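Here is a short note to read beside the model. Please keep the sequence and the structure in view while going through the points.

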Amino acid sequence: TLEYVPVPAFTDNYIWLVSNGRDAVVVDPGEAAPVRAFLAQRRLRLSAILLTHHHADHVGGVADLCGDAPVPVYGPAAEAIAEVTHPLSGGDRVRIEAPAMELTVLDVPGHTRGHIAYFQAGRDGVAPHVFCGDTLFACGCGRLFEGTPAQMLASLDALAALPGETQVHCAHEYTLSNIRFALACEPDNAELRAWHEEAAARRARDEPTLPTTIAHERAVNPFLRAQREDVRATLAEQLH
């Protein structure tokens, strides 16, 4: 059984660590210190690094971590990240021995031109997982720094098509601000209002609101509900 832990970094980043109790894979380590502290506390060995895109708050700790002990670094082939040893594009597979993981690479441009995500299929009653970086957030999506709206919509549609039970591991704690925007888009969404209360209670306890699930995002995330007539009508009214 693998454990998926969001390690806080900076002011609102999460660096995801996946562990079998002995070895760990780290996703988007923007800084090394929180990763080193977690590994030392749990007595874990870092075995691989997964990167979704080139922004500094996602890759800034890679060189230091590899300086401690060189490990394979997987990342997008379409972006210039010096530390990447295994460049990847959509459809590629990543196999890691320890912890045992097999991941499918998804092209999800929009936030950056070469952004990728990693999908781990479910099996034997274990839920699937996706590490989506800054493409999909709880109740939101990433800003368009390099890509186009059409690219981002296609990327979000691809993520929305994953199995509903897929655990969504986003890279930022933006949930409460995203919910405020979502409520402006869908003020009558009862599930969204309930999620607002739950998410606020979690943050008041200093707990993460992640992971979420694809099914949950389909129900509350306006960027996955943009084709709904009521959402479009509300937004059109506000624009006028």
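1. Start with Phe181. Its relative accessibility is 41%, so Phe181 counts as partly exposed. The residue sits in helix α5, which spans residues 175–185. Bear in mind that this is a predicted model.

2. Now look for its ring partner. The structure holds 4 aromatic pairs. One of them joins Phe181 and Phe223. The two rings are stacked, with 5.8 Å from centre to centre and 20 degrees between the planes. The angle is under 30 degrees, so the pair counts as stacked.

3. Where does Phe223 lie? Phe223 belongs to the loop between α7 and α8. Phe181 is in helix α5, so the pair ties together parts that are 42 residues apart in sequence. Phe223 has a relative accessible area of 31% and is partly exposed.

4. Stay in that loop for Arg225. The loop runs between α7 (214–220) and α8 (229–239). Is Arg225 buried or exposed? Its relative accessibility is 12%, so Arg225 counts as buried. The cut-off for buried is under 20%.

5. Which backbone oxygen does the side chain of Arg225 reach at 2.8 Å? That oxygen belongs to Arg218. A polar atom of the Arg225 side chain also lies 3.4 Å from the backbone oxygen of Ala219.

6. Finally, check the surroundings of Arg225. Leaving aside residues up to four places away in sequence, Arg225 touches Glu186, Asn189, Arg218, Ala219, Val220 and Val231.

Methods: Residues numbered from 1 in each chain as written. Predicted model: local features only at pLDDT ≥ 70, side-chain atom pairs only at ≥ 80, totals over all residues. Heavy atoms only, no water. Helix = DSSP H or I, 4+ residues; strand = E, 2+ residues; numbered from the N terminus. Buried < 20%, exposed > 50% of the residue type's maximum accessible area, 1.4 Å probe, protein only. Polar contact = N/O pair within 3.5 Å; in protein donor to acceptor, adjacent residues only side chain to side chain. Contact = heavy atoms within 4.5 Å. Phe/Tyr/Trp six-rings, centres within 6.5 Å; stacked < 30°, edge-to-face > 60°.
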